[in-house]
Amino acid sequence: MAGRSRIWTEVDFAAPGKQVSYLHLPYSVTRSAYGTIAIPVAVIAKGEGPTVLLMAGNHGDEYEGQVTLTKLIRKLEPDDVRGRVIVLPAANLPAALAGARVSPLDGGNLNRSFPGDPDGGPTAQIAHYIDSVLLPMCSVWLDLHSGGSSLDYIPFASIHLSGDPALDERALQALRAFGSPLSMVWAFFDEPRMATGSAHKHKLVYIGSELGGTGSVNPEGVRVCEEGVIRCLAHMGVLQNQAKFAVPAAPRIRLTELAGREYYVYAPDAGLFEPACRLGDTVREGQIAGHVHFVDDPAREAVPVYFRRDGLLVCKRHFGRCERGDCLAHLCTDYGG
Ligand code: CA
């Protein structure tokens, strides 16, 4: 988009030191004619070095990253840093405060809104600010997701293949440094409106994640996230004082990939889904993933749902009820396997 963002801030991104403040998105409504949505932002900077954007709350009901970054803002000090760390712990703040995937103000899904629009609704304006103001300052972006309300995930960090082998190699090194025991390469990707699309346009190393789900906070996901963020900052040379954070060395990771749409399982009918497998199961092509039951028509036979590939069950739908077309599960396979 050609226009300039109307989001303003007291933060001086060029200043050394620690600033914890807000991005102000003008939002004029009955209860507040000249009001703004105050989106929290922190900048911790000292000396020359790379700039890393740490972000959570892209989806408001994905909590492990929000917990991690809220704690990190209180703990990380300029003396710990060489370069600059910009932290957005609740990027789509209205969604985060509502505990919802999308914004209650405009229905906007931030991770389907890039590169955004300065003249659009609040969600499009946030995407535009990230794309046009923040990303040009950065070389690395950690965008911390989870499964949200409707999905449950085995916690992992991930990269998306960009089509640029040199950039993908740098991202893979960062992913190994993050060190989530299970790690993922998204090789299947057809959604340029996601954050990763903007990241690759700006030639940034982009690390994503899926750290749990079920609309709650997964403590194991928080641990994976906290340790991974610290190891990643150290890998980038931004963290100078790693001992303060007492994080163990990265473990040996199981690197997996999601190679195509056929690794997803979708509901063939609306009903009540009874899964036949648990997260972490290794499943086979043709194996039954579960059955859709019709509690309002009990004489009707349940409809079986099948896996279409071999793989590791890494994600499953959390809610019992499903509509036709809902994603019920997806698999991953060993990278390059
Ligand atoms: Ca997400």
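The model is predicted. Helix α6 (residues 219-235) packs against α4 (residues 165-178), and α6 also packs against α1 (residues 64-75). The structure holds zero disulfides. A cis peptide bond joins F114 and P115.

**Helix α6 with helix α4**

- The axes of α4 and α6 are 7 Å apart, and the packing angle is about 130°.
- Angles from 65 to 115 degrees count as roughly perpendicular and those over 145 as roughly antiparallel, so α4 and α6 are oblique to each other.
- The crossing of α4 over α6 is right-handed.
- On the α4 side, the contact is made by Q173, A174, A177 and F178.
- On the α6 side, V224, C225, G228, V229, R231, C232 and H235 take part.
- By class, the residues of this α4 and α6 contact are seven nonpolar, three polar and one charged.

**Helix α6 with helix α1**

- Here the packing angle of α1 and α6 is about 50°, and the axes lie 9 Å apart.
- That angle makes α1 oblique to α6.
- α1 also passes α6 in a right-handed crossing.
- α1 brings E64, G65, V67, T68, K71 and L72 to the contact.
- α6 meets them with G221, V222, C225, E226, V229 and I230.
- The contact of α1 with α6 counts six nonpolar, three polar and three charged residues.

**Cysteines without a bond**

- There are zero disulfides in the structure.
- C315 is in no disulfide, and its nearest cysteine sulfur, in C327, is 5.5 Å away.
- A disulfide needs sulfur atoms within 2.5 Å.
- C315 is buried, at a relative accessible area of 0%.
- For C322, the closest cysteine sulfur also belongs to C327, but at 11 Å it is too far for a bond.
- C322 is buried as well, with a relative accessible area of 3%.

- Most residues other than glycine have a negative phi, and most peptide bonds are trans.
- The bond between F114 and P115 is cis, with omega about 5°.
- P115 sits in the loop between α2 (93-98) and α3 (122-134).
- K203 has a positive phi, near 60°, and is not a glycine.
- K203 belongs to the loop between α5 (195-201) and β10 (205-210).
- K203 is partly exposed, with a relative accessible area of 48%.
- A246, another residue other than glycine, has a positive phi near 50°.
- The loop between α6 and β11 (254-258) holds A246.
- A246 is exposed, and its relative accessible area is 66%.

- P26 is part of strand β2 (residues 17-26).
- P26 is partly exposed, with a relative accessible area of 37%.
- P26 and T36 are ten residues apart along the chain, yet their C-alpha atoms are separated by 4.2 Å.
- Beyond its neighbours within four places in sequence, P26 is in contact with R6, I7, G35 and T36.
- G35 lies in the loop between β2 and β3 (36-46).
- G35 counts as buried, at 12% relative accessibility.
- Leaving out residues up to four places away in sequence, G35 touches L25, P26, Y27 and S28.
- G35 is 38 Å from V224, C-alpha to C-alpha, and the two are 189 residues apart in sequence.

**E48**

- E48 is placed in the loop between β3 and β4 (51-56).
- E48 counts as exposed, at 72% relative accessibility.
- E48 touches R82 and G83, not counting residues up to four places away in sequence.
- E48 and P298 are 250 residues apart in sequence, and their C-alpha atoms are 67 Å apart in space.

How values were computed
Residues numbered from 1 in each chain as written. Predicted model: local features only at pLDDT ≥ 70, side-chain atom pairs only at ≥ 80, totals over all residues. Heavy atoms only, no water. Axes fitted to C-alpha atoms, helices over the stretch in contact; angles between N-to-C directions. Helix = DSSP H or I, 4+ residues; strand = E, 2+ residues; numbered from the N terminus. Parallel < 35°, antiparallel > 145°, perpendicular 65-115°, else oblique. Left-handed = near helix turned anticlockwise from the far one by under 90°. Contact = heavy atoms within 4.5 Å. Nonpolar A, V, L, I, M, F, W, Y, C, P; charged D, E, K, R; others polar. Buried < 20%, exposed > 50% of the residue type's maximum accessible area, 1.4 Å probe, protein only.
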